[in-house]
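Reader: Could you walk me through this model, starting with the aromatic residues and moving on to the strands and cavities?

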Amino acid sequence: MKKLFITTLFSAVFTIVAFAQNGTVKGKVADNKTNEGIPGATIQDVANPGIGAASNIDGEFTLSLPAGKYSLIVKSISKRPITKTVNVTAGETVNVNFIMEDEAQNIGIVVVSESKYAKPVEQIVSTIDVIRPTIVENKATTSMDQAMQQAPGVAIVDGEAQIRGGSGYSFGAGSRVMVLIDDLPILSGDAGRPSWGLFPIENIEQIEVVKGASSVLYGSAALSGAINIRTSYPRDTPVTKVTLMTQLYDFPNKRTAFYNGNDMFFASNVNFLHSRRIGALDMVVAANLFKDTGFKGREVADTILNYNSGIGGTVYVPKVKDTGPNGEIVLRDPRQSFEQRARANFNLRYRNQKVIGLNYGVNGLIQYSESAGNLLWLNSQEDGATPGLYYSYPGSNTLTKQTTYALDPFLNYSNDMGSTHRIRTRFYGQNNNNDGGRANKFDLLFGEYQYTKRFSAADSNSTGFGGEIARFFTEKASVTGGFMGTSTKGEAALYEGNEAGDGKSSSSNGALYIQYENRYRDRLTFILGARYEFFKINDQTGNKPVVRAGFNYKLSRKGIFRETYIRGSYGQGYRFPTIAEKYIRTNLGAIAIYPNVDLQPENSWNAEIGIKQGIKIGKGFVGYLDIAYFHQRSFNTIEFTFGPWGTTGDVLADIGFRSLNIGTTETKGVDISLMGTGKIGNVTVNTLLGYTYMDPQALEPDKQIATFNPLFQGVFGIDPTYKGTSSDKSGGLKYRFNHLVKADVEFVYKRLMVGASCRYNSYMKNIDIIFEKLDPLLNYGLQDFRAKHNKGDYIIDLRVGMDIARHSRVSFVVNNALNRVYTLRPLDIAAPRTFAVQYQLKF
């Protein structure tokens, strides 16, 4: 014990003396344009890269060095390195600041969705498209799904996100695309559906669309990809922003298609944002008010009641048949589609001043909305003389009063050794008070711990062959690992298809994951990852490991290939059915939805190989052209399928939708995009262009997927196979497009902004054939509409804006400028031309 005491005392004295001989270098790394601090910048000694530090969340750093002269180099993603000479004196502090500029050769876009930390977009191993906040703001966007329609390779069909044709229409139940806000999932706990109105469009940093399997980091819903909406935290300068928008719906090409042919329909939107730093506290408060009268007329009555008014006459009252709380038939007034909502949200983050690198806080939101959503049009009449496309089918309009809340406590800690700890939690709930016995609610609890270790040259300073091997695996490498869990309790009359028949269900999901990433000699990046998933819904369980791998190789450091990157990736996914997919039982007008308690999990693999080429025009415009071939194969694929699922024996009463496992499917194709920004002459140009070709196929189209009532087969001539239930017999998957074209170009000259967007989707070849079989009976005119509109649809949006003062801008936006009649989902007409005026005050 005496020897141990002497040794410990000697070591302590030696350490104190050693530190007494050191000096301190303190300073800040900032952006030359905004003067904002740059977090995560590395400060190293040129002669000995193992000596260094990283800037904190405010861009500040502290470095302890022995006395002497040093050449310090500062590096940050997409910034030009800076080197400065510093003289360090023992026991003294020297202050030195670094002002960094953007690299001239790249676009300067940084993404976090691939690795959970910031990295340049050119170094990613899979395809990621980025939507800048200017597109969201300048297009007078009122809901995030509108912004997502402009993302290359993405289609939003009835509120459901499709990436590269990886999924079809599913009535809002189940998703193969994970949707997140700041890395936290925002899909509903019971149905796996995003509520696009929840997203704070007034506080967007950028939107990252990850294409390809992302399940290792983001979980089961990311079979086809992920959409990560990143919000903005305060800068050094406080910001207050108020946005006012009003929008008018134009009459369709056939003026009297509206329910009275004369009324104008409108929408209005108000956004508020205040973002500031109060000492060490970062604070964001925001709010949104939105009202939309809709553009569809009332449901046409299927029943007329008459009664004596008591004042000398008979009154005729139109009524619509609907389903009551207990499944009984009720009569109600015809309803018009509309939406109105109010949202408030906040972000609070405290940067601990005693523990460098520690920050914690809480984000939250609450929203109340009322809406009446239309599932089916009345018919396809476009003659302007009779009700048609812009009327609702009797009983297909559901009134919803929705309350949603989310509370997200978090804690982050990073040290100068490259370690980062993150704890994320979410309390998330939603209550949908739907009429017709279709109410549902859920409460979800989510928690995740994540650890990231980013290695530096100091971790690989061995020499010789062993040192080279060590550098290969540790220099500029990172390891991200963690575990997560989520628990959901759902309750709904429409989930009474569960085993107990009481509408109460619970689900849970747990996972362990790890991902290793390395960038060797600033040219080769490779990723290896694995995840183990566990699921439980009521008494049914499932589990499966999934893996991910990818590489990115920079062809050359100089010459014509210095901005050419080749990449490839492979990822697996595993998705357990949601509560809604297994247990939903409801009716919407003539459409019934049936449960499937025997529905099995689906799994898939997704691979791609691509090339990204840097582009420079003149001295100011830079961008990237990206070309990728992708291939996804899914097993036990879950598809929403129309058939005779009821048990009454009545052919018409028993038909409806149901989620089924249809066997093996695949989607392959080519994805091309061009993303660029910069100046050409005196004009700033921003571009986002994309073309996607997809070939979605059922590989077992003749496999029996269900047992059909013989009477149903006899009446309609439909076999219980995927091909038999399809309108197109070529084997293509339903409710997908083969071609998507997206283009957005914006020009800014001094105070003037002019922009245009264009979207094209090809004809949807395959739908459920029962819709065509029922057409003569229900007379909604689907076959006639599809025959007239079989060339695909193209939509053009225009916008112009002017800064009328230092802090204010006025914009004029025309969506669907050609006033085209089109639909993204059968029996659901899209909006006609709209005119919007937006005023934004920012100071």
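**Aromatic rings, strands and cavities**

Author: Tyr169, Phe640, Phe642, Phe657, Tyr735 and Phe771 form one aromatic cluster, where rings of Phe, Tyr and Trp (its six-membered ring) pair if their centres lie within 6.5 Å. This is a predicted model, in which local features need pLDDT of at least 70 and side-chain atom pairs count only at pLDDT 80 or more, while totals for chains, interfaces and linings use all residues. Residues are numbered from 1 along each chain as its sequence is written, and side-chain values use heavy atoms, with hydrogens and water left out.

Reader: How many aromatic pairs does a search of the whole structure find?

Author: The search finds 22 aromatic pairs. One of them is Tyr428 with Phe442, whose ring centres are 5.3 Å apart and whose planes stand at 80°, so the pair is edge-to-face; planes under 30 degrees apart count as stacked, over 60 as edge-to-face and the rest as tilted. The pair links distant parts of the chain, with Tyr428 in strand S27 (residues 419-434) and Phe442 in strand S28, 14 residues apart. Strands here are DSSP runs (E, at least two residues), as helices are (H or I, at least four), numbered from the N terminus.

Reader: Are Tyr428 and Phe442 buried or exposed?

Author: Both Tyr428 and Phe442 are buried, a label that means under 20% relative accessible area, with exposed being over 50% and partly exposed in between (1.4 Å probe, protein chains only).

Reader: And how many bridges join S27 to S28?

Author: The two strands run antiparallel and are joined by 14 bridges, and two strands count as paired if DSSP finds at least two bridges between them. Tyr428 itself stands opposite Leu444 in S28. The hairpin of S27 and S28 has five residues between the strands, and Gly436 there takes a positive phi near 70°.

Reader: What does S27 do with strand S26?

Author: Strand S26 (residues 397-414) pairs with S27 in the antiparallel sense over 13 bridges, and Ser414 stands opposite Thr420 in S27. These two strands also form a hairpin, with four residues between them, and Gly418 in the turn has a positive phi of about 90°.

Reader: Switching to Asn363, where is that residue found?

Author: Asn363 is found in strand S25 (residues 358-374), and because its relative accessibility is 12%, Asn363 counts as buried. The C-alpha atoms of Asn363 and Leu407 are separated by 5.9 Å, although the two residues are 44 apart along the chain.

Reader: Which residues make up the covered face of strand S43?

Author: The covered face of strand S43 (residues 752-761) has Met753, Gly755, Ser757, Arg759 and Asn761, whereas Leu752, Val754, Ala756, Cys758 and Tyr760 make up the uncovered one. In a regular strand the side chains alternate between the two faces of the sheet.

Reader: Which strands does S43 pair with?

Author: Strand S42 (residues 739-749) pairs with S43 in the antiparallel sense over 10 bridges, with Tyr749 opposite Leu752. S42 and S43 form a hairpin with two residues between them, and Lys750 in the turn has a positive phi of about 55°. Strand S44 (residues 793-805) is also antiparallel to S43 and joined to it by 10 bridges, and there Met753 stands opposite Gly801.

Reader: Now the sheet with S11 in it; in what order do the strands come?

Author: Five strands form this open sheet in the order S11-S16-S17-S14-S15, with mixed pairing. Its edge strands are S11 (127-131) and S15 (184-185), each of which pairs on one side only. S14 and strand S17 (residues 225-231) pair in the parallel sense over five bridges, and the bridge partner of Val179 in S17 is Ile227.

Reader: Last topic, then: how many cavities of 30 Å³ or more are there?

Author: The whole-structure search finds 14 of them. A cavity is a set of points, on a 1 Å grid over the protein atoms alone, where a 1.4 Å probe fits but cannot get out, and lining residues have an atom within 4 Å of a point. The second largest cavity has a volume of about 590 Å³, and of its 34 lining residues Met178, Ser220, Ala221, Thr486 and Asn509 lie nearest its centre. Elements giving two or more residues to this lining include strand S14 (177-181), helix H4 (215-218) and strand S28 (440-454).

Notes:
1 Å grid on protein atoms, 1.4 Å probe; cavity = no way out; pocket = protein on both sides within 12 Å on 5 of 7 lines; lining within 4 Å. Points joined across faces, edges and corners; volume = space filled by probe spheres on them.
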